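Dear colleague,

I am passing on the structure we discussed, followed by notes on what was found in it. Please read the notes with the structure open beside you.

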Number of protein chains: 2
Amino acid sequence: MSYQDTFKALSDKTRREILTLLRDGPLSVGEIGAHFDISGATLSHHLTILRQADLISDSKKGKFIYYELNTTVLDDIIVWIKSLTEEA
Amino acid sequence: MSYQDTFKALSDKTRREILTLLRDGPLSVGEIGAHFDISGATLSHHLTILRQADLISDSKKGKFIYYELNTTVLDDIIVWIKSLTEEA
DNA sequence: TTTATATTTAGATATTTATCTAACTGTCTA
DNA sequence: TAGACAGTTAGATAAATATCTAAATATAAA
């Protein structure tokens with residue numbers, strides 16, 4: 001929702017790795033968790049932060065919740081960074 | 001030096017605003033500080049974090065220290081983000 | 001309808017961090 | 001050379017955050 005939320009979300013290594021995992025398509029929470037040595041509660045916390053930053057979206061499929069990468073906000077960040085790196 | 005350092009540095013609003021100020025050329029610490037309502041010590045702390053992330057570099061000119069934007073790391077961040085947003 | 005599985009929420013804790021004041025270092029100038 | 005100015009460093013504190021275990025919720029399966 002804001003640059004603040006986005007950069008805060010991206011400032012954690014685990015969360016960046018989650019985004020990388022989702023690069024190739026949606027994954028359930030369990031599938032994501034299999035890549036990390038953290039508790040389910042901690043993973044859920046990270047997913048909440050990524051979701052609030054609109055970097056991922058979720059959809060429920062029966063017993064599972066699938067998370068999917070949302071590139072819109074990332075595109076916005078690129079625009080912000082380019083406004084710094086490109087000539088006036 | 002690492003994505004971690006870079007994203008951590010970018011996760012603070014004051015630090016992002018400092019980078020925006022430096023977009024149009026180097027500024028002394030005092031000139032930067034004039035734009036914020038924070039103590040010199042706090043500003044110095046933010047500059048240290050930006051410098052450690054290699055987002056800025058400094059050069060001493062007599063009594064003053066000038067800080068300058070360093071775009072290399074920002075270009076790296078764009079590459080990282082694009083690796084997420086672009087097709088495989 | 002129990003029981004098992006998937007995920008989140010609640011509550012606690014230890015670490016990190018942004019901030020301040022005060023003290024210090026370096027440089028210029030009167 | 002003494003004082004003023006520019007900036008950093010030291011030490012303290014309050015707020016934010018990443019993590020955990022335990023409990024709660026929701027769905028599927030037996």
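Of the atoms of DNA strand C that lie within 4 Å of the protein, 73% belong to sugar or phosphate, and the rest belong to bases. Please keep in mind that this is a predicted model, in which local features need pLDDT of at least 70 and side-chain atom pairs count only at pLDDT 80 or more, while totals for chains, interfaces and linings use all residues. Residues are numbered from 1 along each chain as its sequence is written, chains are lettered from A and ligands numbered from 1 in the order in which they are written, and side-chain values use heavy atoms, with hydrogens and water left out.

Phosphate oxygens of DNA strand C lie 2.6 Å from a polar backbone atom of Gly30(A) and 2.9 Å from one of Ser39(B), whereas for His46(B) a polar side-chain atom lies 2.3 Å from a phosphate oxygen. Among the elements that give two or more residues to this surface are helix H3 (29-33) of chain A and helix H4 (40-52) of chain B (helices being DSSP runs of H or I, at least four residues), and H4(B) gives the most, with 5 residues.

Best wishes

Methods:
A residue is near a molecule or strand if one of its heavy atoms lies within 4 Å of it. A polar contact is a pair of N or O atoms within 3.5 Å; within protein, one must be able to donate a hydrogen and the other to accept it, and residues adjacent in sequence count only if both atoms are side-chain atoms.
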